[in-house]
Structures are given as C-alpha cells and as structure tokens.
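Have the model open while you read.

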Amino acid sequence: MNAVIPSDAVQAAWAALEALADPEIPVVSLRELGILRDVRQGADGLEVVITPTYSGCPAMGQIEDDVRATLQAAGLQGRVITQLAPAWTTDWMSDVAREKLRVYGIAPPQHRCASQAPAGESPLRFVRQAARPEVVPCPHCGSSHTVESSHFGSTACKALYKCLDCQEPFDYFKPY
Amino acid sequence: MSATANYLLHLADNAVVLGQRNAEWCGHGPAIEEDIALANVSLDLIGQARLLYQQAATELGGDATEDRLAYFRDVPEFRNYTLLELPHHSALVGYAKSDLDYGTTIVRNFLYSALMVLVWERLQQSKDEQLAAIAAKSLKEVRYHLRHSRDWLVRLGDGTDESHARVQAALDHLMPYTQEFWTGSSMEAAAVATGVGVDVAALKSDWDALVDDALQEATLVRPAVGGYVTQGKNGLHSEHLGFLLSEMQGLARAHPNASW
C-alpha cells in the first residue's frame, strides 16, 4: 500500500464514507442523516466522529462496525469516536435526505426543532405545544388528511400514522 | 466513592430500573401500539443508563465497566427511587386476574417524566461535561415520554368510570412515593456542592405545576401525601427490587464475562 499523507487520508475517508447507508433506513446515508459528524486527523491518526440519534439506538453498534469495515475496504485505518454533544437533531437532515425518505414511504419531519422549543422555554409550554396535532402529508398519495395512530413506530425515531384518504399506514420521522 | 460517581449511579439506576420494569410490557401491551411505545421508552431509558454507567465507570476507574455496574451490584448498592421498582399494580386481592395494571404504569411514567424533564433541563449546565451532554440528549427523550404518559393520563382519567377509578387508585397509591424526590440525601447534597448535581427540592413548584395542570385535564384528584418517606436512593429498597434484579442480572451472573 502506498503511504497516504494525512489530508489525503481525510479526503479519502470522506469519499469512502459518503455513500455509507443507515442500517435501519438504507435509502439515506449516515452523512445525510447527520449521524456522521466529522472525519479528522487526530493525534493518533484518522478519527471518524459519529453521534447517536437516540441514547438507546440499537443501530449504533452496527454503524460503528460499518464505518470500520468501510475504512478497511478503502485501505484506511482509523478509530471511531462517539460524541454526544451537541445532541443530534432532525434539523441536520438535508433536504435531499428528506425527499429520499418521502419517496421511500417515510414522511419526513414537518418542522425544524430549533424554532419549536427555544432554549429557556418552559417544559409546560412545550408539552402543550407538542400536544397540538400536526399536519403530516401522506408520503404515498400526498393527502394531508392523516391521523397519528401511535406516538411510537417501528424505531425510536418514528411515529405511526394512517392516511384517511388512501387508507395506507405510514411511518413519520419525528422532528426531534 | 466520589460524589460524582455516586450521583451518576443514582441517575443510572433510576433509568435502568424503570427501563427494566417497563420492558415487562413487551408482548403484553394493552394494544400493539402501546406495546411498542413502552418498548421504545425502555430503549431510551436503557440507553441513558448505559451512557451514565459508562461515565460512572470512567469516574470509578479500576475494573469498573458499565456491565459490572448494572449486573454485579446487589440491592443495597442500587440508588434508584423506590417508586421506580414497584410492580405495575397496587396491593392485589386474591382473585386478581392480572398483575399488570396499565393505569399504574402510566401514572408512574408521568410522575417520573415530569420530574426528569426538569432535572435534565438543569443538568445541561452540570460541571461534569459528559453529564451535561447526556442531559441534553435525555431531555429530548423524556419530553416525548412525558407527552406519551400525559396523553394517556388524560385519556384514562377523563375516560370511562372504570378507567377513571383505576388511574385514580394508581395515583393514590403512587403519589406518596414522590416524597422521596424532595427529601434530601447526603449523596445529592455532595453532588450539588461540586456543581455536578441539581438541587431537586428547588424543582418542586415547577413539578407541582406540571402535575396539577395534567390532573385537572384528566379530572383526577391529587391525593394528600404523608407518612413514611421511602429511601431507595439511599439503598433502602422495597422487596420488589430483588425480584427485578434477579431477572435482569440472572443471565449475566450465570455466564460471567461471556460475550455474544
């Protein structure tokens, strides 16, 4: 193997990891979801920084393994660092990723969180606000005549909805 | 043991014990959506517990690991609130058909989530940077747990005569255990003194407002509390914790150091 100079290694790692898909939602990449935070040259070599969506996300172990395997396949060596702060938010999801989710059948988050609960706002108001039903268009037929069937869906990051026009159930990626 | 490690264990034990309790609904939920909801809430709580145990293990050093802390400590070493280890029912009569009462589960999740929304909010400013980061993540999760339990509290309280009576009974049963939140301990005082912990007693009026607002909407009556103040956070537990731990820790203790 040729010796790789540091800045090239970072670029090569970005290129290799660019297309790495999320294990639960394979149509979007870890980068698009905001899980892959950074690739940098650390004191001991290449460092890949990832952040969990939810504290208990069971895919984190798989994601770490996938990142390592991808680096290895690209002939790179590096370590994976899990970083909690700043806490992951759906605001980091790109518009391209949102559209990919919709086409895949998952309704993307309908609002930004930063504007939803500014720092210092009391939890009492937050709860009242969140309790107000939100219009989530059906990803299958586009109808806004939909209803939440459950706060929780097949994974921690989704809620379960039903379309009252096309009658199809669908997942909603919760703004978070 | 350092004040910080003690305090981290208190927070971690709260999360893991309630996470284990709520996981008992897995496969037994009153509706499939609620089965999934409780499993998701448990997943969040166990995730929070893992992060907190990892940080406690770093603080303790030596051979401490998250698994050792969760699986190889005994009842008196656990520092969770007694409220969280209670089974999903109050005293059972001999002809009881089931030992799982969803009203009890909802009321407990509501009382605890209402507290933790306030605690995690303040802990974002903890002097322990990793704890502050865990708090910021956990806050988002517990807000959602509060929304879920509050919605169900209102639905059950303002529901049928039967659902109202059951959730009121659950409230009457559980509310006295919340006295433990506001009764100080040396473990908490030490963490507050170093700027790592939060003074929970100072959060009581905010908690009262959250609780009273929901109870009013749910047409429930807030019971007066008094009498014995439980001391789970000081290691004095009810008989229920032993059964919970034996189930949770059994596999790890039967196969120590196993990996899979």
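In α3(A), the buried residues include A:Met60, A:Ile63, A:Val67 and A:Leu71; buried takes 20 or more other C-beta atoms within 10 Å of a residue's own, exposed 12 or fewer, partly exposed is in between, and C-beta atoms are placed from the backbone. These four cover an arc of only 70° around the axis, which puts them on the same side of α3(A) (the arc being that of the directions from the helix axis to the C-beta atoms). An α-helix has 3.6 residues a turn, so residues three or four places apart point the same way.

This is a predicted model: local features need pLDDT of at least 70 and side-chain atom pairs 80 or more, while totals for chains, interfaces and linings use all residues. Residues are numbered from 1 along each chain as its sequence is written, with chains lettered from A and ligands numbered from 1 in the order written.

| Side of α3(A) | Residues |
|---|---|
| Buried | A:Met60, A:Ile63, A:Val67, A:Leu71 |
| Exposed, other side | A:Gly61, A:Asp65, A:Ala69, A:Gln72, A:Ala73 |

After α3(A) comes A:Gly75, with a positive phi near 75°.

Zooming out, chain A has 5 helices and 7 strands, taken as DSSP runs numbered from the N terminus (helices H or I, at least four residues; strands E, at least two). Their order from the N terminus is α-α-β-β-α-β-α-β-α-β-β-β. Of the 176 residues in chain A, 35% are buried.
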